Every structure is written in structure tokens, then in C-alpha cells.
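Subject: Structure for you to look at

Hi,

Here is the structure I promised to send over. Please open it alongside this note; my findings follow below.

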Amino acid sequence: GSAGAQQVEELFAHKHWKVSGVAWDDGTMGCVAEVSAPGESFSIWTLQDGSVSLQFYSTAWSFGEGDTADLEVQIDRRAPWSLTGAELYQNSVLFYLPDDRSGVNFVGEVARGNRLYLRDDDGSDVQNYSLAGSSASIQALIDCGDVIAKRTPGNPFN
């Protein structure tokens, strides 16, 4: 998440989405595409090391630290995705996408989708998010990720 964030710069906004670059005080950088409503958000993060993570946030949730849960995400009427071992942390559910074709496919489905449904492991609805504007926003996120991947933390000449 944005704990300890030093600087956030909005790079792109379209329909329900906002894409920002984030620089933390340790010199690392990230990019985030977020769709939000009051007290709720769904974010996709790309970090300098190339990792991609999902963050579902709600002020209605109150988790401890170190707990995990198996969840399900469905985009429109497509086949659901399993988020096995998602981390529950305070007001957020965090999940790192696998660094393989399935992670790329998931982000592609988000870009083409209209609505994302977050469910618990037995398929009961927990929350849903509009994906209006996601195609252009995901492209802006990818572009941001390409830029930060070329920078070495702590090296101002790279």
C-alpha cells in the first residue's frame, strides 16, 4: 500500500479510474491504477521489481496482521479466478499476481471488463467494482511500470 509514501503524482484519470506514480522515502517507486468509491477501492500496483499486486480496500473491514484467506474474483461473466492465500491486513486484502501468463491474462481481463466481483471462497459476494475506463487506465499503468522498471533505486544517474 501507500504506507510511508513520500510523493504521489496523478498521471492519468479516466472515468472511474486514476493512475498515479508513487515514490517512497526509501527511493523505490511504484505505479497504481485505482477505481474507488467512498470508503472502497480496488487497485492494481506495479513495482520496480516487476511484481504486480492487487489491493482491495474497505473502511468496513478490520483485519489483524498475518491472516490469509482464499478468495475469488470474477470479471463480468467470465470464469472466476482463485486468489489463494490472499493477505488480510488492516482494511485491505492484498494479493500478488503470479509472474507468468496467468497474471498477464488477469490484467487483460480487467482492462476489457465492465465489473469486477470480489467473493469469499464459497462464492458469496463481498464487494464489486466498476471497471469503466479500465482499458486506457491499464495502458497508462503499463506505461508507468515500463518507466520505473528502468530506474535503479538509489541511483540518480540511471
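In which strand does Asp120 lie? Asp120 belongs to strand S9, which covers residues 115–120. Please keep in mind that this is a predicted model.

Asp120 first. Its relative accessibility is 25%, so Asp120 counts as partly exposed. Setting aside neighbours within four places in sequence, Asp120 is in contact with Asp70, Leu71, Glu72 and Val126. Asp70 sits 50 residues away from Asp120 along the chain, yet their C-alpha atoms are separated by 7.0 Å.

Now the two helices. H1 takes in residues 101–112 and H2 takes in residues 134–149. They pack at an angle of about 140 degrees. Their axes are 7 Å apart. At that angle H1 is oblique to H2, because the roughly antiparallel class applies to angles over 145 degrees. On the H1 side, the contact is made by Val107, Val110, Ala111 and Arg112. On the H2 side, Ser134, Ser135 and Ile138 take part. By type, the residues of this contact divide into 4 nonpolar, 2 polar and 1 charged.

Each helix also has a length check. H1 has 12 residues, which should span 16 Å at 1.5 Å a residue. The end C-alpha atoms of H1 are 16 Å apart, so the two values agree. H2 has 16 residues and reaches 22 Å from its first C-alpha to its last. That is close to the 22 Å expected at 1.5 Å a residue.

Which residues of H2 are buried? They are Ser134, Ser137, Ile138, Ala140, Leu141, Cys144, Gly145 and Ile148. Viewed down the axis of H2, these buried residues fall within an arc of 155 degrees, so they line one face of the helix. In H1, the buried residues are Gly103, Phe106, Val107, Gly108, Glu109, Val110 and Ala111. Note that Glu109 is among them.

Ala136 is also in H2. Is Ala136 buried or partly exposed? Ala136 has a relative accessible area of 33%, so it is partly exposed. Ala136 touches Phe12 and His14, not counting residues up to four places away in sequence. Lys15 is 121 residues from Ala136 along the chain, and their C-alpha atoms are separated by 9.7 Å.

Lys15 lies in the loop between strand S1 (5–14) and strand S2 (17–24). Phi of Lys15 is near 50 degrees, a positive value in a residue other than glycine. Most residues other than glycine have a negative phi. Lys15 is exposed, with a relative accessible area of 65%. Asp76 is another such case: its phi is near 50 degrees, again positive in a residue other than glycine. Asp76 is found in the loop between strand S6 (67–75) and strand S7 (81–89).

Last, Leu47. Where is Leu47 placed? Leu47 is in strand S4, residues 40–47. At 22% relative accessibility, Leu47 counts as partly exposed, since buried means under 20%. Leu47 touches Trp24, Met29, Gly30, Tyr96 and Ile148, leaving out residues up to four places away in sequence. Of these, Ile148 is one of the buried residues of H2.

Best wishes

Key: Residues are numbered from 1 along each chain as its sequence is written. This is a predicted model: local features need pLDDT of at least 70, side-chain atom pairs count only at pLDDT 80 or more; totals for chains, interfaces and linings use all residues. Side-chain values use heavy atoms; hydrogens and water are left out. Axes are lines fitted to C-alpha atoms, for helices over the stretch in contact, and angles run from 0 to 180 degrees between N-to-C directions. Helices (H or I, at least four residues) and strands (E, at least two) are DSSP runs, numbered from the N terminus. Angles under 35 degrees count as roughly parallel, over 145 as roughly antiparallel, 65 to 115 as roughly perpendicular and the rest as oblique. Contact means heavy atoms within 4.5 Å. Ala, Val, Leu, Ile, Met, Phe, Trp, Tyr, Cys and Pro count as nonpolar, Asp, Glu, Lys and Arg as charged, and the others, Gly among them, as polar. The expected span of a helix is 1.5 Å times one less than its number of residues. Buried means under 20% relative accessible area, exposed over 50%, partly exposed in between (1.4 Å probe, protein chains only). The arc is that of the directions from the helix axis to the C-beta atoms.
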